[in-house]
Amino acid sequence: MKKRKVTRIVRGRKTVDGAGVHLRRILGEQTVVDFDPFLMLDGFDSTNPQDYIKGFPWHPHRGIETITYLVSGTMEHEDSLGNKGVIQSMGCQWMTAGSGILHKEMPQPSERMLGCQLWVNLPAAKKMVPPAYRDIAPDDIPVVMSDKATVRILSGSHRGIRGILDNSYVQITYLDVTLPADASWKYNEARDDETLFLYLLEGSLFPEVKQQSAESKGCAILYSVPVPGEDTDEPVEVKAGPEGARFLLLSAPPLKEPIFWGGPIVMNSREELEEAFRELRNGTFIK
C-alpha cells in the first residue's frame, strides 16, 4: 500500500508575543500555502512562569478560529461575549472569532506550561459568522487505545469514536497521541485531499518507520500524498524514539482561497482587511 510521505519539517523559531510571552512559532505566514487551512501554530513549553505570566491582554480577532490546548498548565481567559473561564491541564478552548471578537488569555504560574495555540482559517463564506466560544473540559475528551497508542480525540473521529466538538466551518481532526518507547503507529483515516501534519510535543519520533534519524520535540511534520487520486486514505506510519513520543495529529481540507493577513485578523482581500482595521479604530468592530 502506498503511504503519505514527509514533504516538509518545520522547526520554527523562538519569539516573544503578547505582553512578553516566550514561545516557539512553528507555523506562520511562511507556511500558509503548504499547511492550508492551518495558519499559525505557537508552542508553549516552560518551567519558568516569568516566560509567560504577562500573557496576552485584550486583543481583537476576525476571520479565524483559535484553538488553545494545554497538556500541562492553567490559563484564564475572557472575551467580549461575556465568557470567562479557565483552561486546565488537558483542556481546550475553541474560539470562533468570525465577524469579530475581543479576548484576553492570561497563563497562570504552573510547574510546567506545555501546550499550543493553533489558528485555523475560516472559508470566505463563513468569515463573518457570529463569534462563538466552546470549552472542552478534560473529561469531555474521549480516549481510545489504538494499537500501543493512547489517543485523545478533541475533534473529528478515530476508530469510530467521535470527539465532542462537531465543527461546522472547517472539518478538523485533532488528535493527541501518546506512544511508548519504540512503538509504531499507523493512521489512515484522512482523505488524500486533506492537509495532514503532526506537531511533536514531547519525546522523539521517526516520521517514517524506516527513517534512520528521529525528530525531537517542537517541530511540525507535513505529510502529503505522492500521486493524488490514485488511492484513497493513504496512511501515515510513525515510530516513537527511545523515550517515547507525544504528538498532535491535525488534518482538514484545504480552503485554497486568497489570504490577506494583518496581525490578529485574516481576510480574503486587502479591502476587507482595511475595513476591519477601520472598524477597530471607529468602534464598530464588534457586530
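Predicted model: local features only at pLDDT ≥ 70, side-chain atom pairs only at ≥ 80, totals over all residues.
**Entry 1**

The open sheet has seven strands, ordered 2-3-4-11-6-9-12, and the pairing is antiparallel. I then asked which strands stand at the edges. They are strand 2 (13–17) and strand 12 (132–136). Each has a single partner strand, so one side of each is left without a neighbour in the sheet.

A reminder to myself on pairing: strands of a sheet pair through backbone hydrogen bonds, either parallel or antiparallel.

**Entry 2**

Next I checked how strand 2 is held to strand 3. Strand 3 covers residues 21–27. Five bridges join the two strands, which run antiparallel. For a landmark in the viewer I took R13, which stands opposite R25 in strand 3.

**Entry 1: strand 9 and its two partners**

I moved to the other end of the order. Strand 9 spans residues 91–96. How many of its six residues are buried? I found six of six, so I noted the strand as mostly covered, with buried meaning under 20% relative accessible area.

Then I sorted the side chains by direction. In a regular strand the side chains alternate between the two faces of the sheet. Here G91, Q93 and M95 point one way from strand 9. C92, W94 and T96 point the other way. Both sets are buried.

The pairing came next. Strand 6 (residues 64–72) is joined to strand 9 by six bridges, and the two run antiparallel. Within that pair, E65 has T96 as its bridge partner. Strand 9 also pairs with strand 12, again in the antiparallel sense, over five bridges. There M95 stands opposite Y133.

**Entry 2: the largest pocket**

I turned to empty space. Rolling a probe the size of a water molecule over the atoms shows where such space is left. The largest pocket holds about 480 Å³. It is lined by 25 residues, and D17, R25, M40, D42 and W119 are the closest to its centre.

Which elements give two or more residues to the lining? I listed strand 1 (5–10), strand 2, strand 3, strand 4 (38–46), strand 5 (56–61) and strand 11 (113–121). Strand 5 gives the most, with four residues. By residue class, the lining divides into 10 nonpolar, eight polar and seven charged.

**Entry 3: A220**

I picked A220, which lies in strand 21 (residues 220–224). Is A220 buried or exposed? Its relative accessibility is 0%, so A220 counts as buried. I left aside neighbours within four places in sequence and looked at its contacts. They are R8, I9, V10, I26, L27, F35, F197, L198 and Y199. I also took one distance. A220 and E274 are 54 residues apart in sequence and 32 Å apart in space, C-alpha to C-alpha.

**Entry 4: K239**

K239 sits in strand 22 (residues 236–252). Its relative accessible area is 28%, so K239 is partly exposed. Not counting residues up to four places away in sequence, K239 touches D182, A183, S184, L205, F206 and V209.

Conventions:
Residues numbered from 1 in each chain as written. Heavy atoms only, no water. Pairing = 2+ DSSP bridges. Buried < 20%, exposed > 50% of the residue type's maximum accessible area, 1.4 Å probe, protein only. Contact = heavy atoms within 4.5 Å. 1 Å grid on protein atoms, 1.4 Å probe; cavity = no way out; pocket = protein on both sides within 12 Å on 5 of 7 lines; lining within 4 Å. Points joined across faces, edges and corners; volume = space filled by probe spheres on them. Nonpolar A, V, L, I, M, F, W, Y, C, P; charged D, E, K, R; others polar.
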